[in-house]
Amino acid sequence: MPRIERKLEINNRIQELRNHKGLTQQDLAEAVDVTRATIIALEKGSYNPSLELAFRIAKVFKVGIETLFFV
Amino acid sequence: MKTDFSKVQSVVTRIFLWTSPLAFCVLLVSNFPEVEKSLWENGFFAPVLGPVLALALMAWLFSLLFVLIATFVSARYKERVLQDVVLRRDRDEREELLSGRAAKTSILVTLAASLLILICTTGQYNRAEETDHSSVTIGNFHFSEVAPVVTKLEGGVQVMQYQLPMSKMSLVLLIILIQLSSYHTIKYLNLRKLE
């Protein structure tokens, strides 16, 4: 039987941490040098960031990358 | 800081982009001799717009030559021209990803369209005069065709017009080969960069 490759669903706590820190989506976008649309896509889970962007976001929230992203 | 050459590139690219619609209009109008004649006979068009259009067309031709050479030589310039043409700049990694996907889909669509056009160019319609039987055949590969020499009398001078001996089929085939080879070359070079 052929093996069916399933896409790994990666969740994140970006919205939760952003609200906790009192940041707007625009503030976060400017802090990590991306567009607001990218932050929206990240929070909705429709876009998985590169490792570099993931570390940049984690640095803004001062948390580890494993706290921010989980499977 | 911008170098002198990149300033030249920027100016020439803008000239090319701004004069392109005008050049296409001129080329389109030249296909309709009646319209072209009536425009030139117009009192305002000939003395005022005529020289402006001629200058724009000349500027377009020179800038086209520059853009063509620069696009082949510099990858960075190629990207900038593309950004100017599609009027969009990738602002972050997500937009770069989307552009990459769009480019991939676009190459597949144009490749499919080119292949269809290629098949169409090898098509031929045959009809027997006596029996009135007709048929359509495809797969007539002719890489070159002898174009008839057109003789024209322009301003009292006999002008012979020769065309390139390339058939439509060979031109379409050439486009497909350029498309595929450039795709694979760029991919190979990018892969080497990542190794």
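Predicted model: local features only at pLDDT ≥ 70, side-chain atom pairs only at ≥ 80, totals over all residues.
For chain A, the accessible surface is about 5,100 Å², with 52% on carbon and sulfur atoms.

Here is how the two chains line up.

| Property | Chain A | Chain B |
|---|---|---|
| Helices and strands | five helices, two strands | six helices, four strands |
| Buried residues | 35% of 71 residues | 17% of 195 residues |
| Contacts (residues at least 6 apart) that join residues at least 24 apart | 54% | 46% |

**How the chains are laid out**

Let's take chain A from its N terminus. Chain B goes another way about it: reading from the N terminus, the elements run α-α-α-α-α-β-β-β-β-α. Of the 195 residues in chain B, 17% are buried, while for the 71 residues of chain A the figure is 35%.

**Where they meet**

How many residues take part in the contact between the chains? Six residues of chain B touch 10 residues of chain A. Together the two chains bury about 600 Å², with 52% of that area on carbon and sulfur atoms. On the chain B side, Asp92(B), Glu93(B) and Arg94(B) lose the most area to chain A, and together they account for 82% of what that side buries. By class, the chain B side that touches chain A has five charged residues, one nonpolar residue and no polar ones. Even with those five charged residues, the count of salt bridges between the chains is zero. Polar contacts do turn up, though: five residue pairs across the two chains make them, with both partners at pLDDT 80 or more.

Ser20(B) sits in helix α1 of chain B, which covers residues 4-29. Is Ser20(B) buried or exposed? Its relative accessible area is 10%, under the 20% cut-off, and therefore Ser20(B) counts as buried. The side chain of Ser20(B) reaches back to the backbone oxygen of Phe16(B), at 2.6 Å.

Most residues other than glycine have a negative phi. Asp33(A) has a phi near 60°, a positive value in a residue that isn't glycine. Asp33(A) is in the loop between α2 (25-32) and α3 (36-44) of chain A. With a relative accessible area of 63%, over the 50% cut-off, Asp33(A) is therefore classed as exposed.

Lys62(A) also has a positive phi, about 55°, although it is not a glycine. Where does Lys62(A) lie? Lys62(A) is in the loop between α4 and α5 (65-68) of chain A. Lys62(A) counts as exposed because its relative accessibility is 71%.

Leu51(A) belongs to helix α4, which spans residues 51-61 of chain A. Leu51(A) is exposed too, at 61% relative accessibility. Along the chain, Leu51(A) and Ile65(A) are 14 residues apart, and their C-alpha atoms are separated by 9.2 Å.

Note on methods. Residues numbered from 1 in each chain as written. Chains lettered and ligands numbered in written order. Heavy atoms only, no water. Buried < 20%, exposed > 50% of the residue type's maximum accessible area, 1.4 Å probe, protein only. Contact = heavy atoms within 4.5 Å. Areas by Shrake-Rupley, 256 points an atom, 1.4 Å probe, with all protein chains shown as cover. Buried area = accessible area lost by both parts, 1.4 Å probe. Salt bridge = Lys/Arg side-chain N within 4 Å of Asp/Glu carboxyl O. Polar contact = N/O pair within 3.5 Å; in protein donor to acceptor, adjacent residues only side chain to side chain. Nonpolar A, V, L, I, M, F, W, Y, C, P; charged D, E, K, R; others polar.
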